[in-house]
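Welcome, and thanks for taking a look at this one with us. Please have the sequence and the 3D view at hand as you read on.

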Amino acid sequence: MIISQLVKKIKPSATMSITSKVKQMISSGIDVIGFGAGEPDFDTPDYIKTAAIESLQNGFTKYTPTSGILELKEAICKKLLQENGVNYTPKQVIISCGAKHSIYNTILALCNPGDEVLVPSPYWVSYPEQITLANSTPVFIHTDDSKDFKISVEDLKRSITDKTKLLILNSPSNPTGSVYTKEELYEIADFAIQAGLYIISDEIYEKIVYDGTVHYSPASFGEKFAKNVITVNGLSKTFSMTGWRIGYMAGPEELVKATELIQDHSTSCPNSFSQKAAVVAIRGKDDITSKMVSEFDRRRRYIVERLNKIEGITCRLPKGAFYVFPNISGLYGRKIAGETAKNSSEFVSIVLDKAKVAVVPGICFGSDSHVRLSYATSFENIEKGMDRLENLLTNSIPYKN
Ligand SMILES: *Cc1c(COP(=O)(O)O)cnc(C)c1O
């Protein structure tokens, strides 16, 4: 079979291949500790499940309008006004099958072939591939530990060309956990808009922040910002609803109409009863997110402390999301139980093989000096995993099943 040129350009997701390798190892009886998860390890709260069950029982099982039900759009507008300080009407909101889908549709609706999209690196794995699928070109803006993985106006100046159409911001960030301050965000957004760019602000981790850190939505900075910033969010992370597939985009009405056309002929509406449940989740008074966040916080402090005790690893304390992104390049070239790694993929293989610990190579996020560990796993697993890593990397003792 001859597969399209377009699809041939797409890389498989390395996070997925690690996950399937771990599953294989577990099914053959090997006890692996996985730090690959990109989703909260908590169950979806019962009151949200009940809302879905009730809507099924009431027969709410048919197509809804392509862009989603009005009730949900209204709940989202209220949330965006109260929590994010952005004033949108329901016509400026479209519900999609997850925030990933919202981002993809937005890129498709905005970009022409050859357009450039600025992506701060390290980045979430799907941004470059979605840009490529839209026949456009991802242009990476390099950042590192010393910059707390944040871009600056200077970086933008260097990266913008006459083909640049769009900038993607993700604060709090997956994989780095960095969160921009209000001032930083203002400067960047202000400059980008003046340079004629649109901005996608992926705010999926907005509520997963620590140490009193505050998340800001660039669309809230004023009229000019609201016109040029596309706010994307969803329920997956905040309400532990990854499998329900509800995300949304809010922005100029013209753009919402354009993405609705794409949705009309690709996915149609998002899942009907998930939308009903989403209304209840968004309006809900039960603050499940802050319960998750306080547990994530405990794990975050612990995992960072343990990683920093390993010579050759340095790990920043992230301000948001549920990942740590330690720099492991200090271990490159060093003997680890008889083997040596010279990049993040080799390091990940050695650690999986010798310590039975699964982490994700930083190269999939654009940095070969790092690995990503998700702490959306039990405290007990984190303790075991860190013991194994310390034994292997500090004492050169592999883990025996
Ligand atoms: C998880 C995630 C998303 C999207 O999740 P959906 O389940 O599609 O809503 C978007 N951006 C980032 C950075 C993520 O980590």
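## A strand pair to start from

Let us begin with one residue pair in this predicted model: leucine 169 has serine 201, in β6, as its bridge partner. The two strands involved are β5, spanning residues 164-170, and β6, spanning residues 198-202; they pair in the parallel sense over five bridges.

## The sheet around it

Zooming out, β5 and β6 belong to an open sheet of seven strands with mixed pairing, in the order β2-β8-β7-β6-β5-β3-β4. The edges are held by β2 (93-96) and β4 (137-142); each has a single partner strand, so one side of each is left without a neighbour in the sheet. On average, and ignoring direction, neighbouring strands here are turned by 25° against each other.

You will also find a helix on this sheet: α6, residues 126-133, lies across β3 (116-121), β4, β5 and β6. Relative to β4, helix α6 runs at about 150°.

## The ligand and its shell

Now for the ligand, which is surrounded by 13 residues, the closest being Asp202, Tyr205, Ser236, Lys237 and Arg245.

A polar backbone atom of alanine 99 is 2.7 Å from a ligand oxygen, and for lysine 100 a backbone N or O atom lies 2.9 Å from one. In lysine 237, an N or O atom of the side chain is 3.0 Å from an oxygen atom of the ligand. Taken alone, the ligand exposes 390 Å², and the protein buries 94% of that.

Terms used
Residues numbered from 1 in each chain as written. Predicted model: local features only at pLDDT ≥ 70, side-chain atom pairs only at ≥ 80, totals over all residues. Heavy atoms only, no water. Near = heavy atom within 4 Å. Polar contact = N/O pair within 3.5 Å; in protein donor to acceptor, adjacent residues only side chain to side chain. Areas by Shrake-Rupley, 256 points an atom, 1.4 Å probe, with all protein chains shown as cover. Pairing = 2+ DSSP bridges. Helix = DSSP H or I, 4+ residues; strand = E, 2+ residues; numbered from the N terminus. Axes fitted to C-alpha atoms, helices over the stretch in contact; angles between N-to-C directions. Contact = heavy atoms within 4.5 Å.
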